[in-house]
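Open the model in your viewer and keep the sequence panel beside it.

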Amino acid sequence: MIKNKIEFEYFIKSKLAENGLNISRLAEILNTTHQNISQRLKRCSFDYIEISHIADLLGYDIEWKKR
């Protein structure tokens with residue numbers, strides 16, 4: 001479970017690296033800039049649809065599981 005913004009940023013970066021991608025390539029895929037993605041990672045300011053799209057690009061599913 002991701003508990004704060006720093007963990008979120010490192011989690012996404014690690015998943016990108018595992019898939020041979022970096023922030024610049026993700027920015028190209030999402031049709032935006034490296035700076036935009038970097039700042040949004042630091043602020044944790046992606047909406048659910050964007051995170052879902054990123055997960056899909058990386059080959060992951062987002063699962064909602066009742067506690």
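**Before you start.** This is a predicted model, where local features need pLDDT of at least 70, side-chain atom pairs count only at pLDDT 80 or more, and totals for chains, interfaces and linings use all residues. Residues are numbered from 1 along each chain as its sequence is written, and side-chain values use heavy atoms, without hydrogens and water.

**Select the whole protein.** Show it as a cartoon. You get 4 helices and 0 strands, running α-α-α-α from the N terminus. Helices (H or I, at least four residues) and strands (E, at least two) are DSSP runs, numbered from the N terminus. The C-alpha trace spans about 35 × 25 × 20 Å along its principal axes.

**Switch to surface.** The accessible surface is about 5,300 Å² (Shrake-Rupley method, 1.4 Å probe). Carbon and sulfur atoms hold 52% of it. Of the 67 residues, 25% are buried. Buried means under 20% relative accessible area, exposed over 50%, and partly exposed in between (1.4 Å probe, protein chains only).

**Select Asn 31.** Look in the loop between α2 (23-29) and α3 (34-43). Asn 31 is not a glycine, yet its phi is positive, about 60°. Is Asn 31 buried or exposed? Asn 31 counts as exposed because its relative accessibility is 72%.

**Select Cys 44.** Move on to the loop between α3 and α4 (48-57). Cys 44 also has a positive phi of about 60° without being a glycine. Its relative accessibility is 31%, so Cys 44 counts as partly exposed.
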